[in-house]
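Hello,

Please find the structure below.

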Amino acid sequence: MTGTGRFTLEAMTAAMHQVAEQLGVRADGAQLLRFTNNAVFALPSAGIVIRLARSHRLADRAYKVVELGRWFKQVNAPTIRLAPDVAQPVQAGGFLASIWKHIPPTAPNPTVKDLGSVLRKFHSLGPLPMPLPTWDPIGDARSRIVDAEGLSDEDRRFLLDWCDRLDAPVAAIRRRAGSGLVHGDAHVGNLLRPPTGRALLCDFDATCLGPWQVDLVAVAVGEVRFGRRGAHAALADAYGYDVTTDPDWPLLREARELKMIAAAVPVLHSSVGVHAEFATRLRSIQEGHHDARWKPFAEVGRRPPYGNSG
């Protein structure tokens, strides 16, 4: 379902067209790549990708990712690059967009081994020339919950109580952990392989300072929740560390699962599939089913590629 909220597919598509017009490029053949926390459109003919934030409370991240993108180029980081010669972020229709170089799919697809190798390089970057927020999965979840449309009062209360319960333990991890560069959402879906062959990280909305172990958690949790057997072992081998042996693993896992559920809260109206999967995930937490299988939101909420827009 497209809904009538502020962040529907129709609204984000209209904003994408406005961005394209401001940049002086055509949106013919535009493709919708993602429709979760961001609406991400590829314009292959223009060689760019437009990322539009789907929450006004999180729109300030566009400034952060643009500044990071400029720094990544300076230090030759293993990341995607901003589109050149574009004043960013771009504002259109009340939304903020960042503009990136388009990377067409190149075989072979990135793997968790690529992720381990890329993360080791990413974590070694620094020192950063700009301030970054501190890892705060609880604050991030609260922001999404407050901004939610279509969230029942009962579910909102449960999620906020969950946040309250994790507050102190997560703060304790922050106090005793280092303040290294953390991607914040490190999984194979945030890797791209350009024709040069070296896998590159993308999606820096959650990039912050905090314990580097955070970036190894997504794959480990994904193995349990999505049934991706062998993925965690391959990542641990490539990176050189098994996060499930970390003393903070149980809490790191729970914080990740909160993030995985809260991610859909602002956009529950956007897809029947997303709404149903959100309910499944939340119920498994409420009932203590720690091994219950989930489905990726990108699969249950998938739409056909955005066609010719004229």
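Strand β2 and strand β3 (residues 48-53) run antiparallel and are joined by six bridges. Strands here are DSSP E runs of at least two residues, and helices are H or I runs of at least four, both numbered from the N terminus; two strands pair if DSSP finds at least two bridges between them. The bridge partner of L43 in β3 is I48. Four residues lie between β2 and β3 in their hairpin, and G47 in the turn has a positive phi of about 75°.

This is a predicted model: local features need pLDDT of at least 70 and side-chain atom pairs count only at pLDDT 80 or more, whereas totals for chains, interfaces and linings use all residues. Residues are numbered from 1 along each chain as its sequence is written, and side-chain values use heavy atoms, with hydrogens and water left out.

On its other pairing, β2 is joined by four bridges to strand β1 (residues 31-35), again antiparallel. β1 and β2 form a hairpin with two residues between them, and F35 stands opposite A39 in β2. The charged end of R54 sits over the ring of F35, 3.7 Å from its centre (NZ of Lys or CZ of Arg within 6 Å of the ring centre and within 35 degrees of the ring normal). R281 likewise has its charged end over the ring of F297, 3.8 Å from the centre.

Why is β2 (residues 38-43) largely enclosed by the rest of the structure? Six of its six residues are buried (under 20% relative accessible area; exposed is over 50%, partly exposed in between, with a 1.4 Å probe and protein chains only). In a regular strand the side chains alternate between the two faces of the sheet. Both faces of β2 are covered, with N38, V40 and A42 buried on one side and A39, F41 and L43 on the other.

There are seven aromatic pairs (ring centres of Phe, Tyr or Trp, the last by its six-membered ring, within 6.5 Å; planes under 30 degrees apart are stacked, over 60 edge-to-face, the rest tilted). F158 and W162 make a tilted pair, 6.2 Å centre to centre with 50° between the planes. These two are four residues apart in helix α5 (residues 153-176), so about one helical turn separates them. F158 is partly exposed at 27% relative accessible area, while W162 is buried at 3%. W212 and Y241 pair edge-to-face, because their planes are at 75°, with centres 4.9 Å apart. Ring pairs also link W71, F72, W100, F122 and F204 into a cluster.

Regards
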